[in-house]
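Work through the exercises below with the sequence and the 3D view open. Each task is followed by a solution in steps.

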Amino acid sequence: MWLFVFFDLPTNTKKERRNAAQFRKALMKDGFAMMQFSVYVRHCPSKENMKVHIMRVRRSMPPSGYISILSVTDKQYGDIRNFWGKIEQAKPEMPQQLEFF
């Protein structure tokens, strides 16, 4: 599973800018990678793991702003098409999955 966090946070005051920066830092600390400035993505090996990360995102949310969380399967994420201008970029590499026997 892949977990996306999209957000639009106010940055009009010094406190709002600090809250937005703290939220982005919390996402990075939790293993999210910045896809765009307000879009972060993280791989989760299971639904249980995904729920843990969703709760962490919810705990770190600032008091104001708009935040959306979306989960997609590996297959859905594998269909992503990235472009830089009109040139298609290579798909991001899938993380290695550990197997325990």
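**Exercise 1: a charged pair**

R56 has a relative accessible area of 38% and is partly exposed. The model is a predicted one.

Task: Find which side chain R56 meets in a salt bridge, and say where the two residues lie.

Solution. 
Step 1. The cut-off to apply is a Lys or Arg side-chain nitrogen within 4 Å of an Asp or Glu carboxyl oxygen.
Step 2. The side chain of R56 meets that of D30, at 2.7 Å from N to O.
Step 3. R56 belongs to helix 2 (residues 47-60), while D30 sits in the loop between helix 1 (14-29) and strand 2 (33-36). The two are 26 residues apart, and the pair links distant parts of the chain.
Step 4. A search of the whole structure finds one salt bridge.

Task: Is D30 buried or exposed?

Solution. 
Step 1. The limit for buried is under 20% relative accessible area.
Step 2. D30 has 10% relative accessibility, so D30 counts as buried.

**Exercise 2: a nonpolar patch**

Task: Name the residues that make the nonpolar surface patch of about 340 Å².

Solution. 
Step 1. The patch is made by M28, M34 and F37.
Step 2. Take M34, which is found in strand 2.
Step 3. A patch residue needs over 30% relative accessible area. M34 has 48% relative accessibility and counts as partly exposed.

**Exercise 3: strand 1 and its partners**

Task: Which strands pair with strand 1, and in what sense?

Solution. 
Step 1. Strand 1 covers residues 2-8; five of its seven residues are buried, leaving the strand mostly covered.
Step 2. Strand 3 (residues 39-43) pairs with strand 1 in the antiparallel sense over five bridges. Here F4 stands opposite V41.
Step 3. Strand 4 (residues 66-72) pairs with strand 1 over seven bridges, also in the antiparallel sense. In this pairing L3 stands opposite S71.

Terms used
Residues numbered from 1 in each chain as written. Predicted model: local features only at pLDDT ≥ 70, side-chain atom pairs only at ≥ 80, totals over all residues. Heavy atoms only, no water. Helix = DSSP H or I, 4+ residues; strand = E, 2+ residues; numbered from the N terminus. Buried < 20%, exposed > 50% of the residue type's maximum accessible area, 1.4 Å probe, protein only. Patch = residues over 30% accessible without salt bridge, like charges linked within 9 Å, V, L, I, M, F, W, Y side chains within 5 Å. Areas by Shrake-Rupley, 256 points an atom, 1.4 Å probe, with all protein chains shown as cover. Pairing = 2+ DSSP bridges.
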